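Student: I've just opened this one and I'm new to it. Can we walk through it together?
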Amino acid sequence: MSDDKAENQAGIDGGDNKIVARNIRRVYNIKQKGDNGTVEFEAIKQLNLNVRQGEFLVIVGPSGCGKSTFLDMVAGLAKPSSGEIFIDGRLITGPDLDRGIVLQGYALFPWRTVRKNVEFGLEVKKVPARERQEISQKYIELVGLKNFEDRYPHELSGGMKQRVAIARALAYDPEVLLMDEPFAAVDAQTRETLQEELLRIWEKTKKTIIFVTHGIDEAVFLGDRVAVMTANPGTIKEVVEINLPRPRDGIRSSAEFGWIRHKIWQLLQNDNGAGEAGSGAEQNIAEAISSSAAL
Ligand code: ADP
């Protein structure tokens with residue numbers, strides 16, 4: 001074992017935690033207008049978060065609070081300026097097939113059919129053709145796209161494209177699914193259907209999921225716990241346990257749902273005083289509230 005690997009493995013005893021993020025800070029260097037210099041912008045500061053094995057963890061927060069930045073770091077696509085993120089006790093140093101990513105806006109390959117899109121990760125893993133077909137068929141059916149295997153992305157609705165993206169991420173069997181506002185681009189009704197389907201798939205596959213959203217309703221409906229992020233700089237303000245029974249069909253109209261929703265809304269609202277008047281914080285919170293009301 002290389003020294004690096006030994007050090008990484010000795011890095012952290014996560015207990016039943018699948019992912020552990022410790023003291024994460026992320027700074028961007030921003031170019032100054034009319035000047036050659038740059039200034040540091042602190043997007044994330046002192047972020048600590050544990051995600052349990054098999055947990056559905058939702059991160060909610062106003063736009064610009066650093067949700068995508070954090071998810072990119074868990075994916076290994078970006079590095080923290082300081083701090084560490086571990087998966088199964090190993091330091092994350094880059095992307096790997098143990099983590100599947102579903103982004104907003106589908107990101108499908110337009111020149112590939114549904115089946116070929118779903119098989120992409122399996123091709124990378126050099127899974128033989130016959131096995132690839134069996135696996136892709138299973139996930140295409142799991143997301144409700146049977147009989148659409150040979151369609152191209154432009155022949156599908158937004159909701160169907162998003163299902164293909166989910167099937168593609170699931171097909172190569174990652175232990176962790178990282179989802180960045182995956183349902184942001186679909187209409188409200190399709191979004192609810194996809195949320196219900198995602199819960200059904202999660203219950204079947206027992207993946208660990210980190211799901212990023214700025215919708216409070218979506219967060220409460222999906223999550224075992226909801227990590228509430230606030231901005232300027234982005235950090236986790238509180239992690240709220242969602243003690244709602246599963247399955248959650250019809251739960252949105254319950255008093256308990258409304259109560260938890262209000263609690264999270266207040267956590268975001270209380271952040272209002274943190275920024276200056278008219279700052280991004282105020283605007284972001286207003287956006288979070290109006291978008292969650294629209295759900
Ligand atoms: P969110 O996903 O919560 O909307 P992001 O993670 O996209 O937030 O961004 C967090 C903050 O970092 C924002 O203020 C954003 O403008 C800034 N930011 C993100 N990416 C970059 C970048 N490549 N360069 C400079 N600033 C960035």
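Student: Which elements each supply at least two residues of the shell around the ligand?
Tutor: This is a predicted model, to begin with. The elements are β1 (17-31), β2 (38-52) and α2 (67-75).

Student: Which one gives the largest share?
Tutor: That is α2, with three residues of the shell.

Student: Which residues are around the ligand?
Tutor: Tyr28, Ile30, Phe41 and Ala43 are among them.

Student: How do they divide into nonpolar, polar and charged?
Tutor: Five are nonpolar, six are polar and one is charged.

Student: New topic, the helices. At what angle do the axes of α6 and α7 cross?
Tutor: Roughly 15°. Helix α6 covers residues 158-171 and helix α7 covers 188-205. Their axes come within 10 Å.

Student: Parallel or antiparallel, then?
Tutor: Angles under 35 degrees count as roughly parallel. Therefore α6 and α7 are roughly parallel to each other.

Student: Is the crossing left-handed or right-handed?
Tutor: α6 passes α7 in a right-handed crossing.

Student: And what residues meet there?
Tutor: From α6, they include Gln162, Ile166 and Leu170. From α7, they include Leu194, Leu198 and Ile201. The residues of this contact divide into five nonpolar, six polar and no charged.

Student: Switching to confidence. What is the mean pLDDT of the chain?
Tutor: It is 86, and 86% of the residues reach 70 or more.

Student: Which elements have the lowest and highest mean pLDDT?
Tutor: Helix α10 (residues 280-294) has the lowest, 42. Strand β3 (residues 56-60) has the highest, 98.

Definitions and conventions: Residues numbered from 1 in each chain as written. Predicted model: local features only at pLDDT ≥ 70, side-chain atom pairs only at ≥ 80, totals over all residues. Near = placed C-beta within 6 Å. Helix = DSSP H or I, 4+ residues; strand = E, 2+ residues; numbered from the N terminus. Nonpolar A, V, L, I, M, F, W, Y, C, P; charged D, E, K, R; others polar. Axes fitted to C-alpha atoms, helices over the stretch in contact; angles between N-to-C directions. Parallel < 35°, antiparallel > 145°, perpendicular 65-115°, else oblique. Left-handed = near helix turned anticlockwise from the far one by under 90°. Contact = placed C-beta atoms within 7 Å. pLDDT = per-residue confidence, 0-100.
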